[in-house]
Amino acid sequence: MQSSSAAALRARALQLGVTLDEDSAALLLRLLDELEQWNRAYSLTAITTREAMIAGHLLDSLAASGDLVGARIADIGTGAGFPGLPLAIVHRERAFTLVDGTAKKVRFVAHAARTLGLKNVEAVHARAEAMRPERPFDTIVARAVASLPELAGLARPLSGPGTHLLAYKGQRPSGAELAVIPPDWQLLGVRTLEVPGLEAERCLITLKYSPAAPFPAGAPAGLN
Ligand code: SAH
């Protein structure tokens, strides 16, 4: 039973272009076991059936697996660990910082990371915009947290020039929504996500942090 559901998960991930080894598939299913158990006591997620969790939490999270850049990844407003935990299971060579402002959710993320042996996950209880990491993250992911301009503001203190922000969204944004992206973020692309088992429209918006240089390039010395 367990192994056949792992096989089904691997087949569906492959439809997303994600190759799961046996260990990762087993860990992803164990993550759902833990979530189901904690959800009874702490109501961490509104998605409760196994099928809906596989599509809505695991596969949806993994849909941006190929879009990560760099070694240091942050998930802001991770909730019960989505998309951060599934991505961390698949990308063990990258370091993930999963941030949420709600203590009970961070406790679950820390518990899940410990139980599943994910040494590449750090759970942080904080408001994203109040964090001051020593070094900027390479990629920041966020799902169902805020509007695009708000998200750009939350991610700014965690970003350096070149940081990518991947926003998991529903409907493709209109031109008007894209027009209000703050000018220090450059729109790299919007792509439709085809998540097996999800009827809902999904898309991924990629922004790149591109702040203006503090002084005009080539300004004569002494002007600043
Ligand atoms: N990303 C998860 C949870 C979405 S719910 C998922 O897709 O399943 C939104 C989460 O964002 C909540 O857990 C809330 O506590 C958190 N959140 C909202 N604003 C935040 C902020 N500024 N900093 C950190 N967490 C925030």
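This is a short tour of the chain, from the whole fold down to single residues.

The model is predicted, so local features need pLDDT of at least 70, side-chain atom pairs count only at pLDDT 80 or more, and totals for chains, interfaces and linings use all residues. Residues are numbered from 1 along each chain as its sequence is written, and side-chain values use heavy atoms, with hydrogens and water left out.

**Whole chain**

Start with the chain shown as a cartoon. It has seven helices and seven strands; helices (H or I, at least four residues) and strands (E, at least two) are DSSP runs, numbered from the N terminus. Followed from the N terminus, the order is α-α-α-β-α-β-α-β-β-α-β-α-β-β.

Turn to the C-alpha atoms. They fill a box of roughly 70 × 35 × 30 Å along the principal axes.

Of the 224 residues, 49% count as buried, meaning under 20% relative accessible area (1.4 Å probe, protein chains only). Among contacts (heavy atoms within 4.5 Å) between residues at least 6 apart in sequence, 67% join residues at least 24 apart.

**Helix H1 and Arg-12**

Next select residues 2–15, helix H1, and show Arg-12 within it. Is Arg-12 buried or exposed? Arg-12 is buried, because its relative accessible area is 17%. Leaving out residues up to four places away in sequence, Arg-12 touches Glu-51, Ile-54, Ala-55, Leu-59, Pro-196 and Gly-197.

**The largest nonpolar core**

Now select Leu-9, Leu-31 and Val-121, the residues with the most contacts inside the largest nonpolar core, which has 45 residues. Such a core is a set of buried Ala, Val, Leu, Ile, Met, Phe, Trp, Tyr and Cys residues joined through side-chain atoms within 4.5 Å. Elements giving two or more residues to this core include H1, helix H2 (22–42), helix H3 (50–62) and strand E5 (164–169). H2 provides the largest share, eight residues.

Stay on Leu-31 and display its neighbours. Not counting residues up to four places away in sequence, Leu-31 touches Leu-58, Phe-82, Leu-85, Pro-86, Ile-89, Phe-108, Ala-112 and Leu-116.

**Another core**

Finish with Val-99, Ala-126, Met-131 and Ala-167. These are among the 25 residues of another core, which lies apart from the largest one.

Terms used
Buried < 20%, exposed > 50% of the residue type's maximum accessible area, 1.4 Å probe, protein only.
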